[in-house]
Amino acid sequence: MANIKSIEINGFRGIKKLKVSDLSKINLVVGDNNSGKTTFLEAIQLLFAESQLGSVKNVINQRTVLNLNDNSFYTSFIKMFNVEQDGKLLDLDIYAESNKGQIIFEMRGREKTVSGEEALQISNMSSRQKAIYKKSAAVLPETVKVFSGSIISQNGKKPVEKDIKFTSLDTPVTGPVIKKKVYYIPSFGHLRFDLLQNIVDNPEYKKLAISILKQFDDSIVDICYTKADDGSFLESIITESGVTMPFSVYGDGIKKILYILNKLFEAT
């Protein structure tokens, strides 16, 4: 797996120009709300994306709580470019040096406005989809935005360039699943995740997890699954006095720590 040593980001979302050097295998990114932490991580994710629109959509989708409304993809895509760029010529560049060589992701193109009828003609929709759209749409938009350009990616091999062209009427399909290099941790993830799945079967990691949980409650001696009266299994904490407590009686702090530990385990 490639380990990034340095990264340079140009024209991506709120970042006009940023260069970060001396990165190690484990890095801590901190900052105020809306300071660009998520954007920085998305830039790393794009470095490992394929040269196709669907892969870019996968990255955009990570910001959403629910699935992105397909009709808003075009707007979300355009907002990937720095807001201070000329609206007619848009480009972003992400470069990184890794232990396996240079990694590049570039995206550039132009945006223009055409009539709704013209947009439907050049749309990526199939003939059947166009017919359904005409039938279901109450009124064809008077004007439609069109983006045409290219995506260039390089990850230890020769650069791969692919032309892209789509309209705000299109709903690009999701691309192939990218092998995760960035693990996005939403604030609600601990509410729907098996918090012990990577911990209970790994004695050393479990020991580490318990030592961290002791910062919250020094009486914690074990974390495990216990069987409830209805036959289901509960994520539980055992104290030094032998009392078994389900996670549900604890606050979010302990659950969030375990969720983060699981994600760290998956990333190693």
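**View 1. The largest nonpolar core of this predicted model has 35 residues.** I7, F77 and F105 are the ones with the most contacts inside the core. Helix α1 provides the largest share, with five.

**View 2. Zooming in on I7 and its contacts.** Leaving aside anything up to four places away in sequence, I7 touches L18, K19, V20 and L23, then F40, I44 and L47, and also I94, Y95 and A96.

View 3. S6 has a relative accessibility of 16%, so it counts as buried. With residues up to four places away in sequence left out, S6 makes contact with V20, S21 and L23, plus Y95, A96 and E97.

**View 4. Now for S123, in the loop between α4 (116-122) and α5 (127-136).** S123 is buried too, and its relative accessible area is 7%. Its side chain reaches the backbone nitrogen of M125 at 3.0 Å. Skipping residues up to four places away in sequence, S123 touches K130, T167 and D170. S123 and T167 are 44 residues apart along the chain, yet 6.1 Å separates their C-alpha atoms.

Technical notes
Residues numbered from 1 in each chain as written. Predicted model: local features only at pLDDT ≥ 70, side-chain atom pairs only at ≥ 80, totals over all residues. Heavy atoms only, no water. Buried < 20%, exposed > 50% of the residue type's maximum accessible area, 1.4 Å probe, protein only. Contact = heavy atoms within 4.5 Å. Core = buried A, V, L, I, M, F, W, Y, C linked by side-chain atoms within 4.5 Å. Helix = DSSP H or I, 4+ residues; strand = E, 2+ residues; numbered from the N terminus. Polar contact = N/O pair within 3.5 Å; in protein donor to acceptor, adjacent residues only side chain to side chain.
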